[in-house]
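Please keep the sequence and the model in view while reading.

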Amino acid sequence: MPEEKHLSRRDFLRAAGMVGAGSLLGATGVSAQGASESGGPGQNLKSSSVPLRPFGKTGVSVSCLSLGGIFDIPSNQLVLRQALEWGVAYWDTAYSYGGGKSELGIGQFLSKNPEARKKLFIVSKSEARSPAGITKHLTQSLERLKTDYVDLYFLHDLKEIDPLNREIKTWAEKTKAEGKIKFFGFSTHSNMEDCMLGAAKLGWIDGIMMTYNFRLMQSDKMKSAVDACVKAGIGLTAMKTQGGGSVSMESEAELQMAGRFLNQGFTDKQAKLKAVWENPNIASICSQMPNLTILMSNIATALNQTKLSAEDLRLLDRFAGETASSYCAGCATICESAFAGAPPIREVLRCLMYFHSYGEKDRARELFAGLPAATRKDLLQCDFSTAERMCPQGLAIGKLMREATVLLGNTFS
Ligand code: SF4
């Protein structure tokens, strides 16, 4: 039975077990008891709510922390309530998340709290690429979410800009006019920079959610892509901000980092969020927060005003360098051009990332099982040596492809 009892802010801190969060809140000058109710997107919130940032040229401001919806939302309604209480009013879901349970869970919350809808900025997504397919998904998403509209609607997991053709532009304009979506854009985990640079030239994309973290933000191409989107008025949401790799790897810098950050009152995970928020062009960070502990930790980080020092950033940079060969940077056009019909190397590495770095083993297996059986079989037979030579991160692609088939399932039916 989902727990729905309302927690006071003091109870919330206690439930989250966040001594560290309490001290971070203290550092902001915000008392847990004196915190205020949150408003909606675009409204002025009091200082105890997660800060707002403008979302591109939409005229809407969103909470700089957004609630990622890949968790058992129907059984964790309290997380939604407490997120909203603290101003985490940007909620991210998708047609496919949890086989529909993510959207159903948000719908369950809105059925019981209809007044919350106007405070929320809800994003959903479709993997479809045809107008008819997208309409079908959106219609079902609205039914599940128990709402008449979503604030932002994404084509999910774009790997290139080509699907954003004239037909899709017409679909987006028509669906906005019908009031079913307010804004339109896409999410991208692969070739993010090319997708962003392409979108900036289109002139009709409102928002993008892309993989972005302390590793990727350093590259000139990512900096150019962010600049181009800002100039085009596109709102940007960062995801995968922990920069977790497809392989576990030890690093001396990581040990130093952990000690240094803890002395300052925050963890290395919190420092990685701060590194992203230091770029004012990132409107929001989408984070999976399946329980109160993680929610509270991230909220405390968003409220904390302490900036990372040059030494902190240098250590993060050193850590990124020392562990580069554990991290897939998403530049799939490079390795997948190594030979005709190359398997989706990036997708397989993303499955391993969920498995190793995010501890989401079921999700990793589910994504892997979604690849065609013939593709999964190819992973054991292909020679990846050319792709390995091309990979700028120096990943041991062949070994990782074989590891994926063992760890994530090697049935080919
Ligand atoms: S395996 Fe290497 S080349 Fe391929 S997407 Fe990852 S980082 Fe880029």
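## The ligand and its surroundings

A residue counts as near a molecule if one of its heavy atoms lies within 4 Å of it. The model is predicted, and in it the ligand is surrounded by C328, A329, G330, C331, A332, C335, L349, C391, P392, Q393, L395 and I397.

What is the make-up of the shell around the ligand, in nonpolar, polar and charged residues? The shell divides into 10 nonpolar residues and two polar ones, with no charged residue among them. As for its place in the protein, the ligand sits in the largest cavity.

## Aromatic rings

A pair of aromatic rings is described by the distance of the centres and the angle of the planes. Counting rings of Phe, Tyr and Trp whose centres lie within 6.5 Å, the model comes to 10 aromatic pairs. One of these joins W91 and F109, whose rings are 5.4 Å apart from centre to centre with 65 degrees between the planes, an arrangement that counts as edge-to-face. Since W91 belongs to strand β4 (residues 90-92) and F109 to helix α4 (residues 101-112), the pair ties together parts that are 18 residues apart in sequence. Both W91 and F109 are buried.

Elsewhere, ring pairs link Y153, W171, F184 and W204 into a cluster. A172 itself is found in helix α6 (residues 166-177), and with a relative accessibility of 3% it counts as buried.

## Charges over rings

The charged end of R144 sits over the ring of Y95, at 4.5 Å from its centre. In the other case, K274 lies over the face of F266, and the distance to the ring centre is 5.4 Å.

## Two residues with positive phi

Most residues other than glycine have a negative phi. Against that background, K146 has a phi near 55 degrees, a positive value in a residue other than glycine, and N191 has a positive phi near 50 degrees, again in a residue other than glycine.

Are these residues buried or exposed? K146, found in the loop between α5 (131-145) and β6 (150-155), counts as exposed because its relative accessibility is 52%, where the cut-off for exposed is over 50%. N191, placed in the loop between β7 (181-188) and α7 (192-202), is buried, with a relative accessible area of 6%.

Although G87 and L65 are 22 residues apart along the chain, their C-alpha atoms are separated by 8.7 Å.

E360 is found in the loop between α14 (345-356) and α15 (361-369). At 17% relative accessibility E360 counts as buried, because buried means under 20%. E360 and I70 are 290 residues apart in sequence, yet the distance between them is 9.9 Å from C-alpha to C-alpha. H356, in turn, lies in helix α14 and counts as partly exposed, with a relative accessibility of 28%. The C-alpha atoms of H356 and G244 are separated by 8.2 Å, with the two residues 112 apart along the chain.

Technical notes
Residues numbered from 1 in each chain as written. Predicted model: local features only at pLDDT ≥ 70, side-chain atom pairs only at ≥ 80, totals over all residues. Heavy atoms only, no water. Phe/Tyr/Trp six-rings, centres within 6.5 Å; stacked < 30°, edge-to-face > 60°. Helix = DSSP H or I, 4+ residues; strand = E, 2+ residues; numbered from the N terminus. Buried < 20%, exposed > 50% of the residue type's maximum accessible area, 1.4 Å probe, protein only. Lys NZ or Arg CZ within 6 Å of the ring centre and 35° of its normal. 1 Å grid on protein atoms, 1.4 Å probe; cavity = no way out; pocket = protein on both sides within 12 Å on 5 of 7 lines; lining within 4 Å. Sits in = over half its atoms within 2 Å of the grid points. Nonpolar A, V, L, I, M, F, W, Y, C, P; charged D, E, K, R; others polar.
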